[in-house]
Amino acid sequence: MSVLARLLRQPFAVAGLALVLGFVALALAAPFLPLLDPNATEPANRLAAPGAAGHLLGTDQLGRDILARLIFGLRVSLAVGVAATLAAALVGGIIGLVAAFYGRWVDGALMRLVDVLMAFPYLLLALAVVAALGPGLTNAALAIAIVNVPFFARAVRGQALGIVRRDYVAAARLAGFSDLRILVSEVLPNVAPLLIVTAATTIGWMILETAGLSFLGLGAQPPQADLGSMLGDGRKVVAAAPHVAAAPGVVVFVLVVGLNLLGDGLRDALDPRMKGAETGVPQPATRVERGRAASGTLGHEASGALANSVLDVRALSTAFATPRGSFPAIRDVSFALRAGEALGIVGESGSGKSVTALSLARLAPTPPGTIVSGEVRIGGDDVLDLSLDALRRLRGDRIAYVFQDPLTTLNPLMRIDAQIVEAIRPGPGEGAKALRARARALMADVGLPDPGRIARAYPHELSGGQRQRVGVAMALANAPDVLIADEPTTALDATTQGRILELFARIRRERGAALIFVSHDVGVVAHLCDRIAVMYAGEIVEEGPARAVAERPLHPYAARLIACAPQLGQPDKPLAPIPGAPPAIDARPDGCAFAPRCDHAIDACRAGPIPLEDAGDDRRVRCIRWRELLGEAA
Ligand SMILES: Nc1ncnc2c1ncn2[C@@H]1O[C@H](COP(=O)(O)OP(=O)(O)OP(=O)(O)O)[C@@H](O)[C@H]1O
């Protein structure tokens, strides 16, 4: 959606835009309107009331027409405000960019200068500038621009500091581009929205400041009018003729309100992340709004309830709000796990593995995510019905996570043992010493060498494999019933990966927790897990015992996915990548989502939703042709 379209969706911004456009049109048209001469005095008609003697808004103390002066004054104020804003944005922008780009002493010198400018109260500084340069509108505008340079310089520097360290700027340097070219083509486009936003939200303020200087007699000089000098003139006769001050007062007020509404709207349109409601802090739990999903319980019957399951997921669907509407990222996901059982979820990137894993403890981000249907039963409770307090107790206690990169989840400033202790829910009367002992025991349990040393270390002092073991120790802290590992070995080298997989296998054997292991590596999952669920475009397309699925997949997608995974000991195995790409969440077809990439698709595949069918031998498959294809293969 374009910036303009986003702007026009905000009623307050539209009101601001209408007001500002109205004022600008009036100011531009001033010379062509049938107005009286704004500077022509008419002593006989001094302080005429509005409507009297052909003066719609009356006259001032010299008998000048207030309406004409107001429109011409508006023209002057707008021009001065815009010019001062552009000048401040230009100079401040350059200072900010140069300071961030060159760093070190350049940055130090420029920023100290900016600090000095900011140390003075703005009006005092503006008065000093005007005193030095002499009164007059141009000098007043210059003073206001100088006073506002620091705001632009600081904002731009802050943003540019992050950008100049990015790899694409380093790449431009390596390519031999000149500093100017890098600043203009790589850095500037990234700070431009911020510059526009700062200008849009400051311009109203700058018009007010210029009006303030004119009000004090330091800006527009007689007979020229601007809104500030008109207010200053009106103040002298406010008791006898309040309309003289009221007219410019109302115009300044409405103009600045309009500019601020427009500026705020522009900020939200240019950078939606800055908008309060949408960015807000993520909610502590995924929103649940069941009953909105159309697909209902397809496949629910097939899953059936599993006797003595610790986790029972039925027809779970999670949707994400996008600018084009709300679309399900996962649909109708059902499976069940017994204590000690391990389920591997595999699929291409974007197939919904992580959204499934996160939705189980309502950790999928809201906004933009909402769980729109389903049930997640852990030991009889439906997680989707729990209060926030109950949900907090459940997380960590009964369901725990291990993520891909523990460096992002560990606190860089806390020692390892303190972080593990923090994850432990203390038993009654359990003191600090006992908790530390439990932390050491956990560390030994997950195979961390030399727990004494590692306990005192910070996360950055550990290797990737050690950090992942810390992540596992924290997840195991309260002996959860369900352990969910989301690609826990992806960031590790092959040897370390093997050791961490062994750790998961041991945990499962010894602790009897149910394990959900998310991975894009079918080989790893087949080795570690009892069952495999293959996901495609947000749906489980095949689910069953790991060995059976890996050796004799029933769904054409599962078969292709397994065919394109390299296998240890089979160096000659031909790898056949699947042509095409999975559909985006807002472009999923009505029927089988894999049909456009499937060699076996027929018209019936595209006709409508395909149910997850029971395929015997404890297997389920979402394909209407699996029996035929199995026959062909045999
Ligand atoms: N915060 C979000 N906002 C909008 N859409 C999202 C969000 N998070 C995920 N999605 C969408 O949901 C779908 C499933 O994403 P998910 O992260 O579950 O995939 P995945 O299978 O785990 O992929 P990967 O292996 O790359 O992690 C994707 O199409 C993604 O675009």
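**Group meeting talk: a walk through the predicted model**

Hi everyone. Let me begin in a loop: proline 223 lies between helix 8, which covers residues 179-215, and helix 9, residues 227-236. Keep in mind that this is a predicted model. What is the peptide bond from proline 222 to proline 223, cis or trans? It is cis, with omega near 5 degrees.

There is another proline pair to look at. From proline 367 to proline 368 the peptide bond is cis as well, with omega near 10 degrees. Proline 368 is also a loop residue, sitting between helix 13 and strand 5, which runs over 369-378.

Now let me step back to the whole chain. The protein chain has 24 helices and 13 strands. It holds 634 residues, and buried ones make up 44% of them.

The UniProt record, an unreviewed entry, places the feature "transmembrane region" at residues 78-101, 113-134, 187-208 and 240-263. How does the model look over two of those spans? Residues 187-208 are 100% helix and 0% strand, and the end C-alpha atoms of that span lie 32 Å apart. Residues 240-263 are 88% helix and 0% strand, with 37 Å between the end C-alpha atoms.

While we are in this part of the chain, have a look at helix 7, residues 167-174. How many of its 8 residues are buried? The count is 0, so helix 7 is hardly covered. Just after helix 7 comes glycine 176, with a positive phi of about 85 degrees.

Arginine 104 has a positive phi of about 40 degrees, and you will find arginine 104 in helix 4, residues 104-119. Arginine 104 counts as exposed because it has 8 C-beta neighbours inside 10 Å, and the cut-off for exposed is 12 or fewer. Aspartate 617 is another case, with phi near 50 degrees. Aspartate 617 lies in the loop between strand 12 (613-614) and strand 13 (620-621). Why does aspartate 617 count as exposed? Because it has 10 C-beta neighbours inside 10 Å.

On to the ligand. Which residues come nearest to it? Of the 14 residues around the ligand, they are Ala329, Ser349, Lys353, Ser354 and Val355. Helix 13, residues 353-359, gives the largest share of this shell, with 3 residues. Sorted by class, the shell has 6 nonpolar, 7 polar and 1 charged residues.

That leads me to valine 518, whose contacts include Lys353 and Ser354. Valine 518 is in strand 9, residues 514-518. Is valine 518 buried or exposed? Valine 518 is buried, because 26 other C-beta atoms lie within 10 Å, and 20 or more is what the label asks for. Leaving out residues up to four places away in sequence, valine 518 touches Ile345, Lys353, Ser354, Ala357, Ala485, Asp486 and Glu487. Threonine 489 is 29 residues away along the chain, and its C-alpha atom is separated from that of valine 518 by 9.9 Å.

Apart from residues up to four places away in sequence, proline 406 touches Arg467, Gln468, Val470 and Gly471. The C-alpha atoms of proline 406 and glycine 465 are separated by 9.5 Å, and these two residues are 59 residues apart along the chain.

My last stop is a helix pair. Helix 16, residues 416-423, packs with helix 17, residues 432-445, at an angle of about 105 degrees, and their axes are 9 Å apart. That angle makes helix 16 roughly perpendicular to helix 17. Who makes the contact? Helix 16 brings Asp417, Ile420 and Val421, while helix 17 brings Leu435, Arg436, Ala439, Leu442 and Met443. By class, that contact has 6 nonpolar, no polar and 2 charged residues.

Notes. Residues are numbered from 1 along each chain as its sequence is written. This is a predicted model: local features need pLDDT of at least 70, side-chain atom pairs count only at pLDDT 80 or more; totals for chains, interfaces and linings use all residues. Helices (H or I, at least four residues) and strands (E, at least two) are DSSP runs, numbered from the N terminus. A residue is near a molecule or strand if its C-beta atom, placed from the backbone, lies within 6 Å of it. Ala, Val, Leu, Ile, Met, Phe, Trp, Tyr, Cys and Pro count as nonpolar, Asp, Glu, Lys and Arg as charged, and the others, Gly among them, as polar. UniProt positions are given in the numbering used here, feature names are shortened, and annotations may be inferred rather than shown by experiment. Axes are lines fitted to C-alpha atoms, for helices over the stretch in contact, and angles run from 0 to 180 degrees between N-to-C directions. Angles under 35 degrees count as roughly parallel, over 145 as roughly antiparallel, 65 to 115 as roughly perpendicular and the rest as oblique. Two residues are in contact if their C-beta atoms, placed from the backbone, lie within 7 Å.
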